[in-house]
Amino acid sequence: MRTTTLGSHGPEVGVVGLGAMGMSFAYDMAAPRDVATSVSVIHQALDLGMTLIDTADVYGPYTNEELVGRALADRRDRAVIATKVGMECLDPTGGPGGAPLVRPNGRPEHVSAAIDASLRRLGTDHIDLYQLHRVDPEVPVEETWGALAEAVTAGKARYIGLSEVSVQQIQRAQSIHPVATVQSEFSLWTRDVKTEVLPYCHENGIGLLPYSPLGRGFLLGRFASFDDLPADDQRRRLPRFQQDNLRANLDIVSKVREVADRVGATPAQVALAWLVAQGEYVVPIPGTKTPKYLADNAGGADLKLSAADLADLDAIPAPVGARY
Ligand SMILES: NC(=O)c1ccc[n+]([C@@H]2O[C@H](COP(=O)([O-])OP(=O)(O)OC[C@H]3O[C@@H](n4cnc5c(N)ncnc54)[C@H](OP(=O)(O)O)[C@@H]3O)[C@@H](O)[C@H]2O)c1
């Protein structure tokens, strides 16, 4: 797979990575988890060159880092591990619909305790990319970022990144320590970052990691109706997936499919190729626990879309319903 770097100074990675969240968290929670298949998907990702593996301490909570650690136990040096800190789980089943109840915690003492726990679960002595999951509105970002920077000084993290931030928050963090990457929701139906965050990252050599790059599966035609969503699934609570909105948004799915048919690729490959074309340091992290989907997604890395195809995709109308 073609490679790039995580921003102008970061490690080399395949231009498409792998998000591990859905292997243990958020989607289809009523179904039994198939750990062996998930481990094999992570191995397959490395073999395909998708070397950036994204997780977070709060996914599971905690079990997703354990899963990634287990998968990488005998091949640690082949992966670039990205995990996150800064969301605290207060109650594993106390949130909406029995989901984990989480809240931001950006206190420096939380960060310094959390990284040791993440290292333990991941079975490694360093994290390649340690990311602040959310800025805590009650803690100045400089303070939290200072604690992430200390993890770099201590050799526990190589690079540090942010998630879901404004340009102003990036600049405040930069005043303390370089920002290697910013992770944001970014896909054919979520393009907010194109206005300010993406141009700023581009000018400053910061990597951008689009999360939910496949629109949580929606852009690929996985769901024609609200009832197609699994029973215990975070998407059931998102505005865009509510029945009337979802139906209206199927028009977007048809437009992605149209371009895919024209270029002889799959909708997933088109959605990822459009993202990869957004900049040198843009590395989408599609999530899957399914071997055939992983192979499909890897094909997005080397698909070249013409200017006309990109223009058609740019012209896709905004979706109905907020993303959260
Ligand atoms: N920073 C943040 O706040 C944040 C928030 C959300 C996510 N993330 C990260 O971003 C990663 C990806 O996001 P995501 O998982 O929310 O959404 P996504 O990658 O847009 O979509 C994942 C969904 O699409 C399905 N899928 C994947 N490839 C497919 C293919 N080729 N054909 C058909 N279906 C396919 C998956 O199915 P199966 O799972 O059934 O295989 C899953 O249901 C996460 O794993 C996580 O690491 C970060």
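## A helix to start with

How many of the 10 residues of α2 are buried? In this predicted model, the count is 7 of the 10, so helix α2 is largely enclosed by the rest of the structure. The buried residues are Asn64, Glu65, Leu67, Val68, Gly69, Ala71 and Leu72. They pack against α1, β4, β5 and α3 (108–122).

Glycine 60 and proline 61 are joined by a cis peptide bond, with omega at about -5 degrees. Proline 61 belongs to the loop between β4 (52–54) and α2 (63–72). As background, most peptide bonds are trans.

## The chain as a whole

Stepping back, the chain has 10 helices and 11 strands. Its radius of gyration is 19 Å, close to the 20 Å that the globule rule gives for 324 residues, so the chain is as compact as a globular protein of that length.

Of the 324 residues in the chain, 47% are buried. Among contacts with a separation of 6 or more, 75% come from residues 24 or more positions apart.

## The parallel sheet

Let us follow the strands next. Seven of them form an open sheet, with parallel pairing, in the order β3-β4-β5-β8-β9-β10-β11. Strands β3 and β11 (207–211) are the edges, and each of them pairs on one side only.

Strand β5 (residues 80–85) runs parallel to strand β8 (residues 127–132), and 4 bridges link the two. Here alanine 82 stands opposite leucine 129 in β8. Strand β8 is also joined to β9, again in parallel, by 5 bridges. In that pairing glutamine 131 is opposite glycine 161 of β9. How enclosed is β9 by the rest of the structure? Largely so, because 6 of its 7 residues are buried.

## The nonpolar core

The largest nonpolar core takes in 93 residues. Those with the most contacts inside it are Ile53, Val68, Tyr130, Leu148, Leu219, Val256 and Ala271. Helix α8 (residues 267–276) gives the most to this core, with 8 residues.

Setting aside neighbours within four places in sequence, leucine 148 is in contact with Val111, Tyr130, Leu132, Ala157 and Ile160. Of these, Tyr130 is also listed with the residues that have the most contacts inside the core.

## Around the ligand

Which residues come nearest to the ligand? Of the 28 around it, they are Gly19, Met21, Leu214, Gly217 and Gly287. By class, the shell holds 11 nonpolar, 11 polar and 6 charged residues. Helix α9 (residues 291–298) gives the most to the shell, with 3 residues.

## Loops and a helix end

Two residues have backbone angles that deserve a look. In general, most residues other than glycine have a negative phi. Alanine 26, however, has a positive phi near 80 degrees. Alanine 26 sits in the loop between β3 (18–19) and α1 (35–48). With 19 other C-beta atoms within 10 Å, alanine 26 is partly exposed; a residue needs 20 or more to be buried.

The second case is glutamate 164, where phi is positive at about 55 degrees although the residue is not a glycine. Glutamate 164 is in the loop between β9 (157–163) and α5 (167–174). Its 16 C-beta neighbours inside 10 Å make glutamate 164 partly exposed as well.

Is aspartate 314 buried or exposed? Aspartate 314 is exposed, with 11 other C-beta atoms within 10 Å, and 12 or fewer is the cut-off for that class. Its place is in helix α10 (residues 307–314). Aspartate 314 lies 35 Å from glutamate 65, C-alpha to C-alpha, and the two are 249 residues apart in sequence.

Notes:
Residues numbered from 1 in each chain as written. Predicted model: local features only at pLDDT ≥ 70, side-chain atom pairs only at ≥ 80, totals over all residues. Near = placed C-beta within 6 Å. Nonpolar A, V, L, I, M, F, W, Y, C, P; charged D, E, K, R; others polar. Rg over C-alpha atoms; globule rule 2.2 N^0.38 Å. Contact = placed C-beta atoms within 7 Å. Core = buried A, V, L, I, M, F, W, Y, C linked by C-beta atoms within 7 Å. Pairing = 2+ DSSP bridges.
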